[in-house]
Amino acid sequence: MKRDVCTINDLTNEEIEEIFDLADRFLAEMGKPERPHQIGGRRSDAAGQVMTSLFYEPSTRTRFSFEAAMVRLGGSVLGTVDPVTSSAAKGESLADTVRVMENYADLIVMRHPYEGAARAAAEYVDIPVINGGDGGHEHPTQTLCDLFTLRRENRTLKDLNVLLVGDLKNGRTVHSLVYGLARFKANIIPMPAKGFELPEHVGRRLQEEYHHHPYAKEALFGGEKDLPPIDVVYVAPDSELNLSAQGQAAAGDDGTERKKRPLEFDVCYVTRLQGERLAPGQKLGTDYPVIDSKFLRGRRYRDTRVLHPLPRVNELGYDPTPIRAASTSSRRLMACRCAWP
Amino acid sequence: MKRDVCTINDLTNEEIEEIFDLADRFLAEMGKPERPHQIGGRRSDAAGQVMTSLFYEPSTRTRFSFEAAMVRLGGSVLGTVDPVTSSAAKGESLADTVRVMENYADLIVMRHPYEGAARAAAEYVDIPVINGGDGGHEHPTQTLCDLFTLRRENRTLKDLNVLLVGDLKNGRTVHSLVYGLARFKANIIPMPAKGFELPEHVGRRLQEEYHHHPYAKEALFGGEKDLPPIDVVYVAPDSELNLSAQGQAAAGDDGTERKKRPLEFDVCYVTRLQGERLAPGQKLGTDYPVIDSKFLRGRRYRDTRVLHPLPRVNELGYDPTPIRAASTSSRRLMACRCAWP
Amino acid sequence: MKRDVCTINDLTNEEIEEIFDLADRFLAEMGKPERPHQIGGRRSDAAGQVMTSLFYEPSTRTRFSFEAAMVRLGGSVLGTVDPVTSSAAKGESLADTVRVMENYADLIVMRHPYEGAARAAAEYVDIPVINGGDGGHEHPTQTLCDLFTLRRENRTLKDLNVLLVGDLKNGRTVHSLVYGLARFKANIIPMPAKGFELPEHVGRRLQEEYHHHPYAKEALFGGEKDLPPIDVVYVAPDSELNLSAQGQAAAGDDGTERKKRPLEFDVCYVTRLQGERLAPGQKLGTDYPVIDSKFLRGRRYRDTRVLHPLPRVNELGYDPTPIRAASTSSRRLMACRCAWP
């Protein structure tokens, strides 16, 4: 039976870990000696396989990452569709388009402006469909990249403290990432731009479905100064995070005292304001958070990895220190895309 | 000496049959087990060969089908030209463009808005040129697909009763198909939308060059009810079709009685209204024929295959029964494109 | 250490000769039997290598030539960027774009409207960048093609008499070519369209850096009639050109008499008026030089090769004789592109 990847929920935790193990192996075997996060050479896993990319929205990174992955695995790629010069311009339905494509290719990767388009397409064809972004909805392979990068940088996702920065309302990558992090029991700390808060239904689902517990900032930090502008910390079940403001050890489920981790930010995940999805009349204030070397000072950021799904505009500093951090992570992030599927 | 395929007449009947035999063989060898009309894997017939596609008009299906064919045969494809960002925009002649391309590629596939463009291009280069559609003129590989699909579905083209439905005036695929069908001695039954009749010169050529005889509807069917809105049936020479309205056997050329086939519709070939080629002020009436499960009822449609070159708009029903028929045929049709050249 | 080709000066004379030797070898091995200037088949030098082309400006020839070269050498190509549907449209910096691309590809080829863009990109990545044209600045691989074609046609570049015709002011290919010719000690004879003269700084650099000596037309030709509308001849150091109007032998550096070549035009390099780079209000006069069979009459053109980087508009005659000359050279020129890098 064919499998599709239309949302991150099409994969179980076990399958995600398997994909990551495979990607690790590809990186170990194909990584360039001096730049181990970059993949070189060509395997033959996908020899004789043909991928087609149907991109109805702008994309460089996503499209090229899939093409590169397919080519590095030994397969071939059919040129992408230009929405303007395609049959869609003659009024063809998506169903008819993909039904024809399945006669040419073994795999469809699709980006589409409408939510649910990839899922709909998947139902019309017998070959796998991978969602490369459907409107403001999902972007599951971006989430896989993010999780994979975090796992490589930190060895585990469990109990990672992830600061989510910027536009947490519109970004399709962020919502998928929140659920992905929750599934692997990371702790989630939203730091939204004003007016771009995480939607309430996302917070609710974090609690009800994933059993994350929301701690108010004051409960965790007391009157501590120099904290980032956050309100709440969603703590994973069974977290080893030290939840007392005073840093004392707490009793575990089994009644014994356990060594607790202090709340340091392992990851700072920065997102761009999606200007093209602003409501009419809505304006970006001057208070959109900027992550730079100044922001990253202090004991809570001693080992922080900065990630950004790109493209970045101005929300990530261009000063040397954080750029190095960011670009390293971003590069690794992109490399992992190469390794997938 | 190089060969071009600029019109369907660049190939003899024997060559067309050879191509079909080859495509049959490819399908048998490369067809996917559960979907034998779909081709998988990769051969090496075209290893080391490079195709370039010069598409000066919108296309998804045709362009991708050629790319897929080339890749499945082991060859490579150069990215297509975007008419807007190409040298044509700087005023270059077609002759200069193709003369340069022949230094890069071993084969040119071209779509162009002007009639005869592919033929003109072919005269400037020493490598083969295949016409992927030139204005309202010809689309020979579409015709090959159609004929191949009909042959696969019905074993032979001879004496097939083909109902041609819709815009028989503007569709470039239809005129090529009419002559292709005539060459293989199928019987042709036009059922045009009002105002989109088969041009007179096509009917005349059917009679003069291919010796098809036009029977008026009344002569064939008498007062029979429940017939589709047709006027004439172009019957191939030596047809075994039962031409008497009463269904009696008729004497053959050799004077003996032969078993005659009743007039059932083996094929219903539906075309879209080519809105973009309407004359200014010309409007599409509400009486454009729609082929759906209701239309296909009755004893004359017991074994009818519905074909459509796509894209379809509304002229083909979306209700389950005919869709299944249509999409199966269409898929097979597309698969055959994959097998060619 | 990685190497980039952003300007022709990124390569030493020795390296250029090495590349030409390699291209000669490719042509000998891969040239089609009946059209030895065309390359066929596929090598495996670049097996497993992936090229990406970032073209932010229109191109057919350059882009396809690089794609064809990569494919003929056994490598793969990622589909090109459409500037309109790319991340650049979302405000991404060139630095971020290329840093991501280096995770996908082993080589970047770039065309960009801004001068210096390729060099800037090269500084951000660890993989080689080849400049496919940056604004009105440089187009180094075009220069390599031109020099290679001249070498093949004339066996050596030294002392070739090259007539440069047309728009010598705006053409990015011409300035690179002038310096390339100078490095290999060709003699350079500008024949500009009125108002499109070679910039003064180019002439100065020819003298100061490459030690070419400018001879006034009268000094060389006396009152000879039937000369092309030229003003000056830049003669290479140690030239064996006969510099006396009377054709007498002159004394060499070592004081002995040497056999001197008369001033015949070995090459006529024709360029198109770059209409898109005209200053506002600037008009093309009716006196733009046209090279055709009439122009090429006379004893000084007995063995002239006509080259044109294409696209041509009207500055190169379409009458049979010169067309043959031109298209042969141009084809060869393009073939050499195929062989490179």
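Select Tyr56(B). In this predicted model, Tyr56(B) sits in the loop between β3 and α2 (61-72) of chain B. Is Tyr56(B) buried or exposed? Tyr56(B) has 22 other C-beta atoms within 10 Å. The cut-off for burial is 20 or more, so Tyr56(B) counts as buried. Tyr56(B) and Asn131(B) are 75 residues apart along the chain, yet their C-alpha atoms are separated by 12 Å.

**The sheet in chain B**

Stay in chain B and show its strands. Four of them form an open sheet in the order β4-β3-β5-β6, with parallel pairing. Which strands lie at the edges? Pick β4 (76-78) and β6 (129-134) of chain B: each pairs on one side only. From one strand to the next, the twist averages 20°.

Zoom in on β3 (residues 50-55) and β5 (residues 107-112) of chain B. These two strands run parallel and are joined by five bridges. For one pair to click on, take Leu54(B): its bridge partner in β5(B) is Met110(B).

Move to chain C and select β3, residues 50-55. Six of its six residues are buried, so β3(C) is largely enclosed by the rest of the structure.

Three bridges pair β4(C) with β3(C) in the parallel sense. Where does Met51(C) find its bridge partner? Look at Val77(C) in β4(C).

**Leu164(C) and its contacts**

Select Leu164(C), in strand β7 (residues 161-166) of chain C. With 23 other C-beta atoms within 10 Å, Leu164(C) is buried. Which residues does Leu164(C) touch, leaving aside its neighbours within four places in sequence? Highlight Val174(C), Ile188(C), Ile189(C), Pro190(C), Met191(C) and Tyr269(C). Draw a distance from Leu164(C) to Val174(C). These residues are 10 apart along the chain, and their C-alpha atoms are separated by 8.1 Å.

**Chain A as a whole**

Switch to chain A. Colour by secondary structure to show nine helices and 12 strands. Of its 341 residues, 48% count as buried. Among contacts in chain A between residues at least 6 apart in sequence, 69% join residues at least 24 apart.

Now select helix α2 (residues 61-72) of chain A. The helix has 12 residues and reaches 16 Å from its first C-alpha to its last, close to the 16 Å expected at 1.5 Å a residue. How many of the residues of α2(A) are buried? The count is 12 of 12, so the helix is mostly covered by the burial cut-off of 20 or more C-beta atoms within 10 Å. Among them are Arg61(A), Phe64(A), Glu67(A), Met70(A) and Arg72(A). Step just past the helix to Gly74(A), which takes a positive phi of about 100°.

Colour chain A by domain: domain 1 is 42-134 and domain 2 is 140-338. Nine residues from domain 1 and seven residues from domain 2 make up the contact in chain A. On the domain 1 side, α2 and β6 (129-134) of chain A each supply at least two residues. The largest share of that side, five residues, comes from α2(A). By class, the domain 1 side has three nonpolar, four polar and two charged residues.

**Backbone stops**

Still in chain A, select Asp238(A), in the loop between β10 (232-235) and β11 (267-270). Asp238(A) is not a glycine, but has a positive phi of about 60°. With 11 other C-beta atoms within 10 Å, Asp238(A) is exposed.

Jump to His211(B), in the loop between α7 (200-208) and β9 (213-216) of chain B. His211(B) also is not a glycine, and has a positive phi of about 60°. His211(B) counts as partly exposed, with 13 C-beta neighbours inside 10 Å.

Finish on Pro311(B), in the loop between β12 (305-307) and α9 (320-338) of chain B. The peptide bond from Leu310(B) to Pro311(B) is cis, with omega near -5°. Then select Pro311(C), in the loop between β12 (305-307) and α9 (320-338) of chain C. The bond from Leu310(C) to Pro311(C) is cis too, with omega near 0°.

Methods:
Residues numbered from 1 in each chain as written. Chains lettered and ligands numbered in written order. Predicted model: local features only at pLDDT ≥ 70, side-chain atom pairs only at ≥ 80, totals over all residues. Helix = DSSP H or I, 4+ residues; strand = E, 2+ residues; numbered from the N terminus. Expected span 1.5 Å × (residues − 1). Pairing = 2+ DSSP bridges. Axes fitted to C-alpha atoms, helices over the stretch in contact; angles between N-to-C directions. Contact = placed C-beta atoms within 7 Å. Domains from an automatic or database assignment. Nonpolar A, V, L, I, M, F, W, Y, C, P; charged D, E, K, R; others polar.
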